[in-house]
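Hi,

Here is the structure I promised to pass on.

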Amino acid sequence: MTRTLVVTGLLALVAAGAAVPQTYPSRPVRVIAAQSAGSSLDTIARIVTPKLSEGFGQQLVIDNRGGAGGTIGLEIGARSAPDGYTLIIGASSSMIVSTFTYRKLAFDTLKDFAAISLIVNADGMLVVFPGVAAKSVKELIALARAQPGRLNMASAGVGSSSHLAGIMFTSLAGIDTVHVPYKGGGPMAASVVAGESQWAIAPAAALAGHVRAGRLRALAISSGVRSPLMPELPTIDEAGVPGYEYTSWNGVFAPRGTSPAIIRTWHAAIQKALAAPEVKQAYANQGLVPLGSASPEEFGRFVRADFARIEKLVRMAGITPE
């Protein structure tokens, strides 16, 4: 009888996800940022992690693991111990797009990660080299139609959010431009600043500084609503391409097998951190609005639904796994 009661009690604890020890976390927590230092994802991670560290009384250490479109960092995260001391901050480009652009991956996004919370959706900004004779979206479209195959569209690489956003634009606008992929967002922006490429659609936070300095001319925002970063800019939909809307997202995950109780603990902490005025302001300075998720389950459903959207864009772009 005693043995039966003990086994029954253990099963009940497992089913409930067990309780989080009061001492958790008792040491620093590693946060794998699946992009290089200085990237938009890295910036997003470093805004919220100090508030989380403050709340837990333990340091959250950012571990930047860029390369291969973010898949290197995700592989490391997927193979990490599910003990609550490793979190992963990923972007839609690496968490989802990589599924369609790499023939072989060492992880499965839907099987190897436990969703915790969305952090932000990132607006894209349509920019042109200042020497381009287009001061609006309609003028850019007219210029591209007058010179088919002559304008270069820069991206951060095949399958990147800037690539998919650009392909969606050319498809809906009915124009023919040349896709020029670069190895990352920095080189992509530099190519438009230098005039090697004539236009791009990339995260607004990464381009706003160049726009303010006059190195790039901003024409529109890629999301469905105007950005708090530059509210004077119209959306691409408003500016002449009906139906256009493209955003990318960033969220927090844990390795599969992490205790449900620990997942819930981090989810609650993230919502609290995102609601802090200083965190909201820091994101607003980057043109971002912290969103969070109602629950880990809700974020998991969001990720699964986004697979269908991305798959459609990948097919539109003609991308095949390599």
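First, a word on terms: helices (H or I, at least four residues) and strands (E, at least two) are DSSP runs, numbered from the N terminus. This is a predicted model, in which local features need pLDDT of at least 70 and side-chain atom pairs count only at pLDDT 80 or more, while totals for chains, interfaces and linings use all residues. Residues are numbered from 1 along each chain as its sequence is written, and side-chain values use heavy atoms, with hydrogens and water left out.

On to the cavities. On a 1 Å grid over the protein atoms alone, a cavity is a set of points where a 1.4 Å probe fits but cannot get out, and lining residues have an atom within 4 Å of a point. Grid points are joined across faces, edges and corners, and a volume is the space filled by probe spheres set on the points. There are two cavities of 30 Å³ or more by this rule.

The largest cavity has a volume of about 70 Å³. It is lined by 13 residues, and Gly-124, Ser-161, Ala-202, Pro-203 and Tyr-246 are the closest to its centre.

The second largest cavity holds about 40 Å³. Helix 2 and strand 3 (86-91) each supply at least two residues of its lining, and helix 2 gives the most, with three residues. The lining of this second largest cavity consists of Val-31, Val-48, Thr-49, Leu-52, Leu-60, Leu-87, Ile-89, Val-252 and Ile-270.

Helix 2 also packs against helix 10: Val-48, Lys-51, Leu-52 and Phe-56 meet Thr-265, Trp-266, Ala-269, Ile-270, Ala-273 and Leu-274 (contact means heavy atoms within 4.5 Å).

Best wishes

Notes: On a 1 Å grid over the protein atoms alone, a cavity is a set of points where a 1.4 Å probe fits but cannot get out, and a pocket is an open set with protein on both sides within 12 Å along at least five of seven lines; lining residues have an atom within 4 Å of a point.
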